Amino acid sequence: MTASDRTSASEGVNRPPSQAPLLQLDGMVKHFPFRDSLGRKRGAVRAVDGVSLSVPQGSVLAIVGESGCGKSTLGRLALRLIEPDGGMLRFDGEDVLALGPSALRAKRREMQLIFQDPFASLDPRMTVEAAITEPLILHRLHRGRERARVAELLERVGLRPELARRWPHEFSGGQRQRIAIARALASEPRLIIGDEPVSALDVSVQAQVVNLLGDLIRDLGLTFVLISHDLGVVRQIADRVDVMYLGRIVEEAPAEQIFRAPRHPYTRALLAAVPGQGGALKLLEGDIPSPVSPPSGCRFRTRCPYAQDLCAEQEPELVGDAVRSAEGEARSRESAGQTAHIAACHFQDSLPAATPIREAAADARLAHLQSFFSTNREPIA
Ligand SMILES: Nc1ncnc2c1ncn2[C@@H]1O[C@H](COP(=O)(O)OP(=O)(O)OP(=O)(O)O)[C@@H](O)[C@H]1O
Ligand code: SF4
Ligand SMILES: [Mg+2]
């Protein structure tokens, strides 16, 4: 699959992003303490354990990984919906963690979250019009013409304006997600984080909502962080992909490279884990270790077929990158920017070559990956 294939699948989402990061996380940490029945602290779930990433203005970054690896926690940290235990968070160069409550409220206008479940994100006691008007009033936008603005937003997400008087329960899952998107757009954000934005929807509806997201990202110049277990969706709209494992990023690369030439044994195992592809499936049979006490050294070592003594002793850094410039020079992560391909594995340069993914097998692999990442979620509509 080529970049142009991905672009056409999403009607041209992939625009050349500007290099300036809109969102930057550096060494982000979130540990959730847990207590016994007497209220004594007994340990902590290391949900996010030192994550750095950077999302250039106008680009789409996907975050993928198994259930419980910390994706949603990372998304909430990125919007400062929860406070980190450590690390740095910048939005358009500004230190978001230094903002006081009122400055943070104002900043939130530019950063929105779309949830998986549009039922949970829409108040059943509010009409569609009231739900979309609320952020307009809060941020004093389009004063005096709120009703007209609601109509514009509904049309923007493919719904008839006359539906504004209705209640959330009168809509299908896909329509509700469109309403939730219209509400998120009402504050005219620059950044949207979509936490599994289509995974609760019926497959046919998923495609329509993914296309809508692709159009909005392109037309409004949005920066988008897509949290998803659905590699098919990721392949359609992401420019770059971060693969998470137990609270850390283990590989980051342009979306096309993740699918074509994965470097980390975890990513490779995911991509190879398709019936008929040899023993690779076995790799992922082991349970993901507890995030309360992750393995020493490399966190993937308990499931990795290439693990050696060093892997238990030393945590591998997120490095690598044999990405070459047009002149053929090897470049660092910084200078490679959006083309950088990095992985956290001591032996990434000496591992056997990854099995090339045949185009014919690619869709089967993606379908399998989809089921691998999926939890048992029932479609809403
Ligand atoms: N408020 C909380 N209190 C305690 N533990 C939490 C809390 N929120 C998340 N966790 C734990 O942190 C870890 C990461 O959770 P998170 O929801 O971020 O994972 P995820 O990758 O989004 O998973 P999924 O794909 O199932 O949505 C899990 O072990 C989870 O149980
Ligand atoms: S560092 Fe070792 S255990 Fe970790 S992925 Fe690489 S080879 Fe496997
Ligand atoms: Mg989640």
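Let's start with two helices. In this predicted model, helix α7 covers residues 173–186 and helix α8 covers residues 203–220. Their axes come within 10 Å and cross at roughly 15°. Angles under 35 degrees count as roughly parallel, so α7 is roughly parallel to α8. The crossing is right-handed.

Which residues make the contact between α7 and α8? From α7, they are G173, G174, Q177 and R178. From α8, they are V205, Q208, V209 and L212. By type, this contact has three nonpolar residues, four polar and one charged.

Now stay with α7, and bring in helix α5, residues 128–138. The axes of α5 and α7 come within 8 Å, and they cross at roughly 20°. That angle makes α5 and α7 roughly parallel to each other, because the cut-off is 35 degrees. Their crossing is right-handed.

What does α5 bring to its contact with α7? It brings V128, A131, I132, P135 and L136. Helix α7 answers with I179, A182, R183 and A186. Look at the types here: eight nonpolar, no polar and one charged.

A quick word on how to read those numbers. Two packed helices are described by the angle between their axes and the distance between the axes.

Next, the sheet. Four strands form an open sheet, and the order is β2-β1-β4-β5. The pairing is antiparallel. Which strands sit at the edges? They are β2, residues 41–56, and β5, residues 94–95. Each edge strand pairs on one side only.

Last stop, ligand 1. How many residues surround ligand 1? There are 14, and the closest are F32, A47, S67, S72 and T73. Two elements give two or more residues to this shell: β2 and α2. The largest share, three residues, comes from α2. By type, the shell divides into five nonpolar, eight polar and one charged.

Methods
Residues numbered from 1 in each chain as written. Chains lettered and ligands numbered in written order. Predicted model: local features only at pLDDT ≥ 70, side-chain atom pairs only at ≥ 80, totals over all residues. Axes fitted to C-alpha atoms, helices over the stretch in contact; angles between N-to-C directions. Parallel < 35°, antiparallel > 145°, perpendicular 65-115°, else oblique. Left-handed = near helix turned anticlockwise from the far one by under 90°. Contact = placed C-beta atoms within 7 Å. Nonpolar A, V, L, I, M, F, W, Y, C, P; charged D, E, K, R; others polar. Pairing = 2+ DSSP bridges. Near = placed C-beta within 6 Å.
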